[in-house]
Amino acid sequence: MNENLLLSPEFQYFGADVFTNVYDGGRHIKMPQSIRILGFSNAEDPAIPQRHENYIFRREVLRDLLGFLRKPNNDALFITGPTGSGKTSSVCEVCARLNWPVQQLTLNSRFEFSQLTGHFTFSSQKPGEAPQMRFQYGPLAVAMKYGHVLILNEIDLADAGELAGLNDILEGRPLVLTENAAEVITPHPMFRVIATANSSGNGDATGRYVGVQLQNLAFLDRFRYLRVNYQDPKIEEELLGLVVPTMKPVLGAMVRLANEVRQLFAEGRLSLTLSTRTLVRWAQIANDFRNSPNSLEYGLERALLIRAEPEESEAIVSLCRTVFGDTWSQEISSR
């Protein structure tokens, strides 16, 4: 990193106090006060992700993310993990606290490299003006130009041939926009590339994630890797308590049920899992209908069971009766 560049008013250093909810193995820890974390000084950029004050960071994930953002050493970062485990949210919450703008794109089997670079379109600079043909920069071009973090979600769903267009960029070379009079965009020193996926780029031998494709080895070789699993049960319960504090008496059982379902999914005995995202959704719906009979089952049906096969749904409900006992069919408000 050019030290003279860091003297620019565009950047600033943040102290450890920007990360307050940091946990290590279920135990709350404080970040060392000596830590100085580089970020941006402008807190009003619309590309900065929304900050959630109750977000809980995992020490090992936060450590790797901050290490990568500070000094990528010409690497990109590949974050892998099960669905709903917090791969993208962990990056966005870090960037939100550092005022680091983010460009995001979720890839799919029809992804084309031009979606990242940009294209010509008819547009007006102001309402009421006649539209003119202008070049609209894509998320990659914007991120390279201004030093944003580019997040490529579900990267393992994209065709390996299209992703090969990123190889030179990941090597630190400029982006040449041949469509825009061969404009050359030199990568900003703060430009970072982060990919997220359910696989590690080597395909999905389990068959649980439909559409996952095998990626090119030369492309994967340009990444460092980070695995993000589900939160520690104690942390997950605390997170639910922050979201729906009125349901604290049953949150422990909800987390236990979620981990039972995840284990059955990992063993191949269920075709779907109960992610943290789904767990929060279940708690919120059950809380909204907490004065109704069977509010827990009502919430779980709308968060998960309706999309399950009938026999799997029945198996999960049976598991719920075992985990919750008599409280499964009671009103939450009466607990």
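## The main core

Start with the largest nonpolar core, which has 34 residues; among its members, F19, V94, L98 and V149 touch the most others. Here, a nonpolar core is a set of buried Ala, Val, Leu, Ile, Met, Phe, Trp, Tyr and Cys residues joined through side-chain atoms within 4.5 Å, and buried means under 20% relative accessible area (1.4 Å probe, protein chains only). At least two residues of this core come from each of β1 (11–14), β4 (37–40), α1 (59–70), β6 (76–80), α2 (87–97) and β10 (149–153). The top giver is α1, with six residues. Helices (H or I, at least four residues) and strands (E, at least two) are DSSP runs, numbered from the N terminus.

This is a predicted model, where local features need pLDDT of at least 70 and side-chain atom pairs count only at pLDDT 80 or more, while totals for chains, interfaces and linings use all residues. Residues are numbered from 1 along each chain as its sequence is written, and side-chain values use heavy atoms, with hydrogens and water left out.

## Around V94, and a second core

Skip the neighbours within four places in sequence, and V94 is in contact (heavy atoms within 4.5 Å) with F19, F57, L62, L65, L66 and L69. There's also a second, separate core of 33 residues, including M254, A258, L270 and L296.

## The sheet

Five strands form an open sheet with parallel pairing, in the order β7-β10-β13-β6-β14. Two strands pair if DSSP finds at least two bridges between them. At the edges stand β7 (102–106) and β14 (223–227), each with a single partner strand, so one side of each has no neighbour in the sheet.

The parallel strands β6 and β14 are joined by five bridges, and T80 sits opposite R227 in β14.

Technical notes
Buried < 20%, exposed > 50% of the residue type's maximum accessible area, 1.4 Å probe, protein only.
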